[in-house]
Amino acid sequence: MGDPVTFFVLMIDAMLRVSTPLILASFAGMFAERSGVVDIGLEGKMLGAAFAAASVALVTDSAWLGLLAGIAVSVGLAMIHAFACVTHNGNQVVSGMALNIMVAGLGPVLAYSWFNQGSQTPMISEEARFRPIHLPYADRLADVPVVGQIYSELMSGHNLIVYIAMGMVPLAGWFIYRTRFGLRLRAVGENPEAVDTAGISVSGMRYRAMIVCGILCGIAGTYLAIAMNTFFVRDMTAGMGYLALAALIFGKWKPLPTLLACFLFAFVQALEARLQGVDIPGIGIVPVQAIQALPYVLTVLLLAGFVGKAIPPKASGIPYAKEK
Amino acid sequence: MKGLGAPVEAPKWVTHALVPAINLALALLVSGLLILALGEDPFAAISILAHGAFGYPEAIGYTLYYTTNFIFTGLAVAMAFHCYLFNIGGEGQAYLGGLGAGLVALAFGHWPAPIVLILAILAAALFGGIWGFIPGWLQAKRGSHIVITTIMFNFIAAILMTYLMVEIFIEPGQQAAESRDFESGAFMPRAHDILAAVGIDAGHSNLNLSFILALMCCVGFWFFVWRTRWGYEIRTVGQNETAGVYGGILPSRAIIVAMCISGGLAGLVGVNEILGAHHRLLLEFTSGYGFVGIAVALMGRNHPIGIFFAALLFGALYQGGNDLAFDMPSIKREMVVVIQGLVILFSGALENMFRPRIEALFTRRARFAPAAE
Amino acid sequence: MTASEDGRGASLSSGAAPPALEVIGIEKWFGSVHANSNVSVRVAPGTIHGIIGENGAGKSTLMSIVYGYYQADGGEILVNGQSTNIKGPQHAIASGIGMVHQHFMLVDTFTVLENIVLGVESGRMLAPSLAAARGELERLEREYNLEVDPDAIVGELPVGVQQRVEILKALYRGADILILDEPTGVLTPQEVDHLFRILAALREQGKTIILITHKLREIMALTDDVTVMRGGEVVAQVKTAETTREKLAALMVGRTVLLRVEKGEAHPGAALLEVKDLSVNDRSGLPRVRNVSFSVRSGEIVGIAGVAGNGQSELLEALAGILQPQSGRIHIKGEEISGTTARGARNVRAAGVGHVPEDRQHMGLVTSFEACESGILGYHRDAKYNGKILMDYAAVVADVGRQMTEYDVRPPLPRLRTGAFSGGNQQKIVLGREMDRDPDVLLVGQPTRGVDIGAIEFIHRRLVAMRDSGKAVLLVSVELDEIMSLSDRILVMFNGEIVGEVMVGDANEQMLGLMMAGERQAAPQAAAP
């Protein structure tokens, strides 16, 4: 296993990479929920974006065009959700579920139809991926104990999207708490009537929130397909969208706690590989499934109020209909 | 002002048959366009699908076998809907139900068949019911949003089952995480065997006695929801909780009962799959049936008759879809999943877009008819 | 600009500055309800103008139109003499009109500063908006003596301070005309006095204030002019100094057509319902019923009069076992009724109490059910409807069908959807259900709201028949003529307390109107002048 520092550095390194799509997705959900729209469809948007990104990156050999395609598809799905829920006051949970299922089916169907390789897309070339970015002097500092290791392994060498994800807290925090848009966004989620009487359009704000949600999910899905992997395969999101929702609830809809919740879930996942078959004094061999189940169980405990209270934005999930 | 009590609303058949039919038509229309975009002929696709679903005895058998699962999960979702709860946890509840049935089969498979089967059915319902009870209790007593908890429980169930299968039940020397085969006493009788005994050749399919069980559940469902005091209370709390409290009903009790029954119904999928089809415990036998249940319940408007037909439709889609994927290789099986999603979208989320307008067409006419006394 | 030195008694006569606000011939329909009918009001600048009326008189609708929340169906609005088309709140704000709503339009999780700035931020970035607002806010606070901590979280502030934030919001947006809708409903007496001082100060500064209220004390204490509305119309507009409380009260409740029911003498017997020191909070924790005590005897109808929102609803719900009281005791036929809220309604029914709720659509019936299913709500576990497991549906249909015929529900079709019946017939379904079991005590709330004349007569006759057969009836109604026509004894509720008790023979509208508007009874059962 090597010395503890190396172990620690490698674990955190893995955690950062695994948590990236989770962070992006949960922040996407944050924007939606803060505006009062429940979005179960994070999963579907990510999956759709993954497929679009993989396909376009393959065909155009460009990671950036893939990213654009992923974002476009994700935003499109978000707009369908907004149309059903905001304009037509449809049931938000049902709409999210519907989109998830549709995309889950559509991905393999289109993949097979276009590329003929079963339910996955062909692998893209290295040029079409997001390459690792090496920070200056990373090589030279690699041998410096502790600090050098952290710099060269942990901080340098990730691809662009990981850095974006890590920057989400200041980015989203800035957006939500320091801009006019953010103020109105939060207001719409707490008291849409107050916003309406101030002369601001409630549905306008919600549509805009869903666009942001779509963009972030698009980046997350793109990452999965062409940064973390090199192809799209069916169900590749594997419940990550729901986990992102759980992290959001765990983080009480605030940027920093949500990031930490994502880290926690990702850490647990990274731990899973390491702890397989390892004998822990006092506990014995921890079944890998117990670790796998941890994020889900933690979320249930949180919702049950055993790990603090989770108070969503007051107007979350309630379609806004002007009273008579 | 309404007349002297003359009903000014759309006739029942509009709401319960026409609107679902139109929703389905829209979903199929979009699917048809998709098929066209994939370079195939939608009408040819439909005919292959129809033939694949009903064209020969084996097909019918498999169609009804799938239908059985969808009846169970559709009823499960519908029961929860009657209390205005969204049970997304059908997958997990079905999984646990299979576990329960499998445990009884493994432990008591050597007992006489009727006893084992009845015990196994009860175990499936019990295990599924427990898996529904926990989120229901959390919602009723702690206010935990049932949508999130049931989704979480789906994952927990899958992980739990993987652990159990890999660590405990796996048949030694096997690669796949499956248990040993059950004794024949724990087999749900297959339809083709029963029919063969009466001289009918029905081909070889997975269709088994669980289908009859599903039909019995439909009947029982109807009586429970509309002809018992517990069903009355569940419906009242679902429609108007304030009126429920006024009427001396405990909302928390209604929620918990609804979720237990809901989970139990989903658990019966385990009977069809484990005892009826596979005859051993294995992983991933729920393969999306829980989610289809949502589509079935929405299309069937939470009524057993509608659910039966919606389940039949999806059964046909699944079975016909298999054949279709075979004959038209460019359309994968997953096309059915797309149709499923579209049905949920149109029947559920976009309901408010169409239903009021369609119903308005009928009420406007009624208003001009002379008011009855 | 002030119109006169002392501020009071500003003249309404023409020739002076044009009215700060004038509405002419406003019409507004909500479906078939004529909420505002030919409403014309003139508000002089630099005055406090009161608009008084009971619930449903149309005051809030009128002001919502002025604020741009609704569009009038007809009529004209003039601000400072200029005809103005107010298409939405933004327009109203631009015209200098600000509104403090009855239910605050505040975001509880925001600070005061953020709430003030919402919607009128000065740019994309918040920080400069907030900084500019902070300066302006401090200036406003000093000028109008309205102290609030700009960084306090609104949800944690007491209600009186929250209201100040609402006022500051309006002032920050440059309001010269301030509309306050029932501002004192949620305030303590001290907070009310503080508010009055603030309003007077605002008037000194030249602001025009419109005060919507149903409370006479506020009108008399604060306003320069007052408009009385009733049934969607303006019935009077006078200078406060030139009128009296009695006259206003009479105008407020008016002389509607009295539906006198044929009623013999009451012969009350033992007390069947006794309430002692009952205090009830509503679901958000606000005290709504304060230390109320009374009793209802067999063979009498006790009517509780009062403007809606003075605690009658919470009182009824507590008596019916739906809302848990904070303190006090309730006795039914001598037995104390207790139990958790959850089982409460069942216990209460079992003790022989029927409850016709105020809101039949949201509480008394399930509109999507068939009428026979609504017709057993609360009694659905009775042995006569149930076997061991299954419900005897035929018995349900037959029984409710019988009830429907007896109580003249039209059409008497038990299988018809509840929502398809007209309001009056729905009410008769509820009545039939509750009265059919021959309860000893009947709680009735707003029995004839939204009910046609024929059904009203029928319902009234059945209530009197109950009383004549020795039952105790507690009637809560905002319709004064209904109270006076049906009750043997009248209690008036104001602000959660019983402010007066009169035998019907000694009661008249002015006296009751005064009490309903907050004037305590001078002496018990005082004779009317």
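**Note on the structure**

1. In chain B, 57% of the 373 residues count as buried; a residue is buried if 20 or more other C-beta atoms, placed from the backbone, lie within 10 Å of its own, exposed if 12 or fewer, and partly exposed in between. This is a predicted model, in which local features need pLDDT of at least 70 and side-chain atom pairs count only at pLDDT 80 or more, while totals for chains, interfaces and linings use all residues. Residues are numbered from 1 along each chain as its sequence is written, and chains are lettered from A and ligands numbered from 1 in the order in which they are written.

2. Chain B has 16 helices and zero strands, where helices (H or I, at least four residues) and strands (E, at least two) are DSSP runs, numbered from the N terminus. The radius of gyration of chain B, taken over C-alpha atoms, is 22 Å, close to the 21 Å that the globule rule gives for 373 residues, so chain B is as compact as a globular protein of that length. The globule rule is 2.2 Å times the number of residues to the power 0.38. Along the principal axes, the C-alpha atoms of chain B fill a box of roughly 75 × 55 × 40 Å. Two residues are in contact if their C-beta atoms, placed from the backbone, lie within 7 Å. Among contacts in chain B between residues at least 6 apart in sequence, 77% join residues at least 24 apart.

3. How are two packed helices described? The angle between their axes and the distance between the axes are used. In chain B, the axes of helix α3 (residues 57-82) and helix α11 (residues 251-267) come within 7 Å and cross at roughly 170 degrees. That makes α3(B) roughly antiparallel to α11(B); angles under 35 degrees count as roughly parallel, over 145 as roughly antiparallel, 65 to 115 as roughly perpendicular and the rest as oblique. Axes are lines fitted to C-alpha atoms, for helices over the stretch in contact, and angles run from 0 to 180 degrees between N-to-C directions. Residues making the contact include B:F72, B:L75 and B:M79 of α3(B), and B:M259, B:I261 and B:L265 of α11(B). The residues of this contact of α3(B) with α11(B) divide into 10 nonpolar, three polar and no charged. Here Ala, Val, Leu, Ile, Met, Phe, Trp, Tyr, Cys and Pro count as nonpolar, Asp, Glu, Lys and Arg as charged, and the others, Gly among them, as polar.

4. The secondary structure of chain A consists of 14 helices and four strands. For chain A the radius of gyration is 20 Å, close to the 20 Å that the globule rule gives for 324 residues, so chain A is as compact as a globular protein of that length. Buried residues account for 51% of the 324 residues in chain A.

5. Which element gives the most to the side of chain A that touches chain B? In this interface, 37 residues of chain A are in contact with 38 residues of chain B. Two or more residues come from each of α4 (92-115), α12 (240-250) and α14 (288-303) of chain A, and α4(A) gives the most, with 15 residues. This side of chain A divides into 25 nonpolar, 12 polar and no charged residues.

6. The contact between chains C and A takes 20 residues from chain C and 15 residues from chain A. On the side of chain C that touches chain A, α4(C) gives the most, with three residues. That side of chain C holds 10 nonpolar, six polar and four charged residues.

7. Chain C contains an open sheet of six strands in the order β16-β17-β18-β13-β19-β20, with mixed pairing; two strands pair if DSSP finds at least two bridges between them. Its edge strands, β16 (353-356) and β20 (497-503) of chain C, each pair on one side only. Strands β17 (residues 441-445) and β18 (residues 472-477) of chain C pair in the parallel sense over five bridges, and the bridge partner of C:G445 in β18(C) is C:V476.

8. Chain C also has an open sheet of four strands in the order β2-β1-β4-β5, with antiparallel pairing. At the edges stand β2 (33-43) and β5 (82-83) of chain C, each with a single partner strand, so one side of each is left without a neighbour in the sheet. Strand β4 (residues 74-79) of chain C is joined to β5(C) by two bridges and the strands run antiparallel.
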